[in-house]
Amino acid sequence: MSNDYQNSYIKTWLNSTFLNKIDEKIREVIKTIKIPFKKGVGNASTGVQSGYYGLSCKVFLLSGYEVGFTQNDKSTLPIDGAKLSYFSDNNSRICKDSTNTGVLWWLRSPNTGSNSYVYFVRDAGSLDNTESYVAVVDVRPAFVLPSNLPVTADGTVSTNSLPEITSDTPNGTDLGEISESIELNYTVNDADGDAVSVKEYLDGTLKRTYTASLGSANTFECV
């Protein structure tokens, strides 16, 4: 069996069968990115394809370097990515199943001293490698969502769009010293059609709270 991630079954499965199991609204906003990858056997410090030459995909396995390992851990580990801040130590790399039992999980990084061995994370968070066909190793898929997409503490992702307010007077504009009443016009929209509650403030003081009529002109009177 080959350890060439680019042409692997798992890469194809993640971007087809697995991807199609994700909620449609979330699937639509998953970004297509290019990940750095090593084609397989060879010098661990060279030959990584990245940037323009990276592997285009939506869902992918993480690399050894992305989860915090380096060639100080294994000299045959390719430099196929940069450390993600989430993975600070062994504990952050531990993955557990539904019974709260630690599991082994695949990385996309090949052992560059072999044409069939691939690195994985052990149940205690350490680095190891084995033949690419070993069935007892699980997968921990990764993908990239827009940075402004709401995610709750339990990992629930919401695709609800944020309301949008447009005005000829941009938010944060310094109106200067006001000696007479002026009116500021603005429009409130929401892509999901949800009701939007608006609060109007002047110099930090709440002046009005109301439910906006979407798409209609609203007026804020500054006195």
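Tyr86, Phe87 and Trp105 form one aromatic cluster, where rings of Phe, Tyr and Trp (its six-membered ring) pair if their centres lie within 6.5 Å, planes under 30 degrees apart counting as stacked, over 60 as edge-to-face and the rest as tilted. Before I go on, a word on the source: this is a predicted model, in which local features need pLDDT of at least 70 and side-chain atom pairs count only at pLDDT 80 or more, while totals for chains, interfaces and linings use all residues. Residues are numbered from 1 along each chain as its sequence is written, and side-chain values use heavy atoms, with hydrogens and water left out.

Let me return to the rings. The structure holds five aromatic pairs. One of them joins Tyr86 and Phe87: the ring centres are 5.0 Å apart and the planes stand at 90°, so this pair is edge-to-face.

I turn now to the chain as a whole. Its secondary structure comes to three helices and 14 strands; these are DSSP runs numbered from the N terminus, helices being H or I of at least four residues and strands E of at least two. How does the radius of gyration stand against the globule rule? The chain has 25 Å, whereas a compact globule of 223 residues would have a value near 17 Å. That radius is taken over C-alpha atoms, and the rule is 2.2 Å times the number of residues to the power 0.38. Along the principal axes, the C-alpha atoms fill a box of roughly 80 × 35 × 30 Å.

Of the 223 residues, 34% are buried. The chain exposes about 13300 Å², with carbon and sulfur atoms supplying 47% of that area; accessible areas come from the Shrake-Rupley method with a 1.4 Å probe, and for residues only the protein chains shown count as cover. Among contacts with a separation of 6 or more, 57% are between residues 24 or more positions apart, a contact being heavy atoms within 4.5 Å. As for charge, the mean positions of the 19 positive and 26 negative charges are 12 Å apart. Lys and Arg count as positive and Asp and Glu as negative, with His and the chain ends not counted; each charge is placed at NZ of Lys, CZ of Arg, CG of Asp or CD of Glu.

Tyr5 is found in the segment before helix 1 (9-18) and counts as buried at 3% relative accessibility. Beyond its neighbours within four places in sequence, Tyr5 is in contact with residues including Ile10, Leu14, Ile35, Phe60 and Arg108. Lys38 is 33 residues from Tyr5 along the chain, and their C-alpha atoms are separated by 7.7 Å.

Ser63 lies in the loop between strand 4 (55-57) and helix 3 (90-93), and is buried with a relative accessible area of 0%. Leaving out residues up to four places away, Ser63 touches Asp80, Gly81, Leu107, Arg108 and Ser109. Ser63 and Thr211 are 148 residues apart along the chain, with 48 Å between their C-alpha atoms.

Val188, in strand 11 (residues 182-189), is buried with a relative accessible area of 0%.

Finally, two exposed loop positions. Ala135 sits in the loop between strand 9 (127-131) and strand 10 (164-167), and counts as exposed at 73% relative accessibility. The C-alpha atoms of Ala135 and Asn160, 25 residues apart along the chain, are separated by 38 Å.

Asn100 is in the loop between strand 5 (95-96) and strand 6 (102-103), and at 55% relative accessibility counts as exposed. What is the phi of Asn100? It is positive, about 65°, although Asn100 is not a glycine. Most residues other than glycine have a negative phi.

Technical notes:
Buried < 20%, exposed > 50% of the residue type's maximum accessible area, 1.4 Å probe, protein only.
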